[in-house]
Structure formats: structure tokens, C-alpha cells
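Student: I would be grateful for a close look at a single part of this model, with its packing and its surroundings set out in one connected account.

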Amino acid sequence: MTLTDIKNYLSKEGSASLAEIARYFQADQSLVESMIDRWILKGRVVAR
């Protein structure tokens, strides 16, 4: 799983919870959260 994989997944789904993303990639939520934080800092993802 890369940052681009997450971006592509979110583009396809529109929106998803942290748990949904972690389940899809079969990854630990804390790992997914740290990766998504990079997209949030870059303004590419909005946390709700």
C-alpha cells in the first residue's frame, strides 16, 4: 500500500472512514492514519 494507492481508493469511493480504508488494504489503522495525515497536510484529503 502506497500513498497513491490510498489516493486512488478515495478517488474511486468518494469518501471512506479510516476503518474502511484499513480493512480494504488489510493494514493497521495507525499505519493508514499516518499515511492519510500526509495527504491532509498537502490539502489532498479532508478529514471529517
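Predicted model: local features only at pLDDT ≥ 70, side-chain atom pairs only at ≥ 80, totals over all residues.

Tutor: Two packed helices are described by the angle between their axes and the distance between the axes.

On the side of helix 2, the contact is made by Leu 18, Ala 19, Ile 21 and Ala 22; helix 3 contributes Gln 29, Val 32, Glu 33 and Ile 36. Sorted by class, this contact comprises six nonpolar residues, one polar residue and one charged residue.

Helix 2 also packs with helix 1 (residues 3–13), where the axes come within 12 Å and cross at roughly 120°. The crossing of helix 1 and helix 2 is right-handed. In this contact, Glu 20, Ile 21, Tyr 24 and Phe 25 of helix 2 meet Asp 5, Ile 6, Tyr 9, Leu 10 and Lys 12 of helix 1. By class, the contact has six nonpolar and three charged residues, with no polar residue. Ile 21 is listed in the contact with helix 3 and also in the contact with helix 1.

The burial of helix 2 can be read alongside these contacts. Its buried residues are Ile 21, Ala 22 and Phe 25. Viewed down the axis of helix 2, these residues fall within an arc of 95°, so they line one face of the helix. The cover over the buried residues of helix 2 includes helix 1 and helix 3.

Helix 2 is followed by Gln 26, whose phi is positive, near 50°. Gln 26 is placed in the loop between helix 2 and helix 3. With a relative accessibility of 76%, Gln 26 counts as exposed, whereas Phe 25 of helix 2 is buried. Gln 26 and Met 1 are 25 residues apart in sequence, and their C-alpha atoms are 9.3 Å apart in space.

How values were computed:
Residues numbered from 1 in each chain as written. Heavy atoms only, no water. Contact = heavy atoms within 4.5 Å. Helix = DSSP H or I, 4+ residues; strand = E, 2+ residues; numbered from the N terminus. Nonpolar A, V, L, I, M, F, W, Y, C, P; charged D, E, K, R; others polar. Axes fitted to C-alpha atoms, helices over the stretch in contact; angles between N-to-C directions. Left-handed = near helix turned anticlockwise from the far one by under 90°. Buried < 20%, exposed > 50% of the residue type's maximum accessible area, 1.4 Å probe, protein only. Arc of directions from axis to C-beta.
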